[in-house]
Amino acid sequence: MESPDLNPSPAPDDAADTWLRANHSLPPLPDAGFSRRVLAALPPARRRFSRTRFCLAGLAAGLVVALAGLAWGGVPSLATLDSELTESTGRLLTSPALGALGVAAISVWYALCGGRRLLPRL
Amino acid sequence: MTDSALIARVLVSDDHAAFGELVRRHQSAVRHFLRHLARGDAALADDLAQETFVQAYRGLARFRGGSTFPTWLLGIAHNHWRNARRRQRTVPVEPEHLAALEPAPSSAPLSDLKHDLAGALRTLAEEEQTALHLHYQQGLSHPEIADVLQWPLGTVKTHLNRGKEKLRPLLASWNPQT
């Protein structure tokens, strides 16, 4: 009795596919300077203000202002500082100042993250 | 590093080196495809390939990952080819360019086979040749070919089957199993 054919020969179409894949292949093209040529044709990289630099600049400016204040204005007592801060915060929270702060915050955010989409595309 | 990671680096920090790596990875497929479309005109194909990559760079934010990155690139390349053909109307077909495309022969019978196959392919309709190129030489699936060429899936299958059918006598002479 003949054993069943466990490995039947492939269907004609499969054989044609296999044959074409085997004999119709292309060797990879060497780069030969092509990628360098593409990179030279790219538009220059966007000048992005580094966030780290922005934070460091803010820190330095804050330190300079604080040191200048200490040098010329003396060291305020904590109680004075507290009352002045409370008073200034109260003034800032009036509606025109709050509006101005909001606009400033949005402007800073737009300057730093302006490339991002605000709202999802409809 | 995966293509997705490189794309993210280009998008986030405009990293030209990361884009250069993407170009090195996919230049062969894009240039082969354009050489196929330009009938072996390597200079024209490389110019179009360069335009393809520059446009891909500019439009990378539009790549949504619905297809693979190389498939997306081949779609851009195909659009560039169509625009170039519209501009030029005719692209020179030089037989020596076609011959230059053939892989280096490793043995006499293989060389004959490749020669026969190249000759048979030239007798096919342009759409059939392109479908066969993308399927067998670039390894794209039917839906991917439809995506690249903007053809309906049924049209892709029809062109592939017709092309294969026309090649069948040649296949039969080289491989009796077919």
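Is A:Ala41 buried or exposed? A:Ala41 is exposed, because 12 other C-beta atoms lie within 10 Å. (Here, buried means 20 or more other C-beta atoms within 10 Å of a residue's own, exposed means 12 or fewer, and partly exposed is in between, with C-beta atoms placed from the backbone.)

## What you're looking at

This is a predicted model, where local features need pLDDT of at least 70 and side-chain atom pairs count only at pLDDT 80 or more, while totals for chains, interfaces and linings use all residues. Residues are numbered from 1 along each chain as its sequence is written, and chains are lettered from A and ligands numbered from 1 in the order in which they are written.

## The two chains

Let's start with chain A. It has five helices and zero strands, so defined because helices (H or I, at least four residues) and strands (E, at least two) are DSSP runs, numbered from the N terminus. Its elements run α-α-α-α-α from the N terminus on. Of the 122 residues in chain A, buried ones make up 5%.

Chain B comes to nine helices and zero strands. In chain B, 33% of the 178 residues count as buried. Take the contacts in chain B with a separation of 6 or more: residues 24 or more positions apart account for 60% of them. (Two residues are in contact if their C-beta atoms, placed from the backbone, lie within 7 Å.)

## Where the chains meet

Across the boundary, 25 residues of chain A are in contact with 25 residues of chain B. On the chain A side, the elements that give two or more residues are α1 (12–23) and α2. The top giver is α1(A), with seven residues. Sorted by class, that side of chain A has 15 nonpolar, five polar and five charged residues. (Ala, Val, Leu, Ile, Met, Phe, Trp, Tyr, Cys and Pro count as nonpolar, Asp, Glu, Lys and Arg as charged, and the others, Gly among them, as polar.)

## Helix α2 of chain A

Helix α2 of chain A covers residues 34–41, and its buried residues are A:Phe34, A:Ser35 and A:Val38. Looking down the axis of α2(A), these buried residues fall within an arc of 95°, so they line one face of the helix. (The arc is that of the directions from the helix axis to the C-beta atoms.) The buried residues of α2(A) pack against α2 (16–37) and α3 (42–58) of chain B.

Back to the opening residue: A:Ala41 sits in helix α2 of chain A. Setting aside neighbours within four places in sequence, A:Ala41 is in contact with B:Gln50 and B:Val54.

## The largest nonpolar core

A nonpolar core is a set of buried Ala, Val, Leu, Ile, Met, Phe, Trp, Tyr and Cys residues joined through C-beta atoms within 7 Å. The largest one has 39 residues, and B:Val30, B:Leu34 and B:Ala77 touch the most other members. Elements from both chains each supply at least two residues, among them α1 and α2 of chain A and α4 (69–88) of chain B. The most comes from α2(B), with eight residues. Domain 1 (3–88) and domain 2 (102–174) of chain B both give residues to this core, so it lies between them. (Domain bounds come from an automatic or database domain assignment.)

Neighbours within four places aside, B:Leu34 is in contact with B:Ala45, B:Leu48, B:Ala49, B:Ala77 and B:Trp81.

## A look at B:His26

B:His26 is found in helix α2 of chain B. B:His26 is buried, because 22 other C-beta atoms lie within 10 Å. Leaving out neighbours within four places in sequence, B:His26 is in contact with B:Pro70 and B:Leu73. From C-alpha to C-alpha, B:His26 and B:Phe53 are 9.6 Å apart in space, and they are 27 residues apart in sequence.
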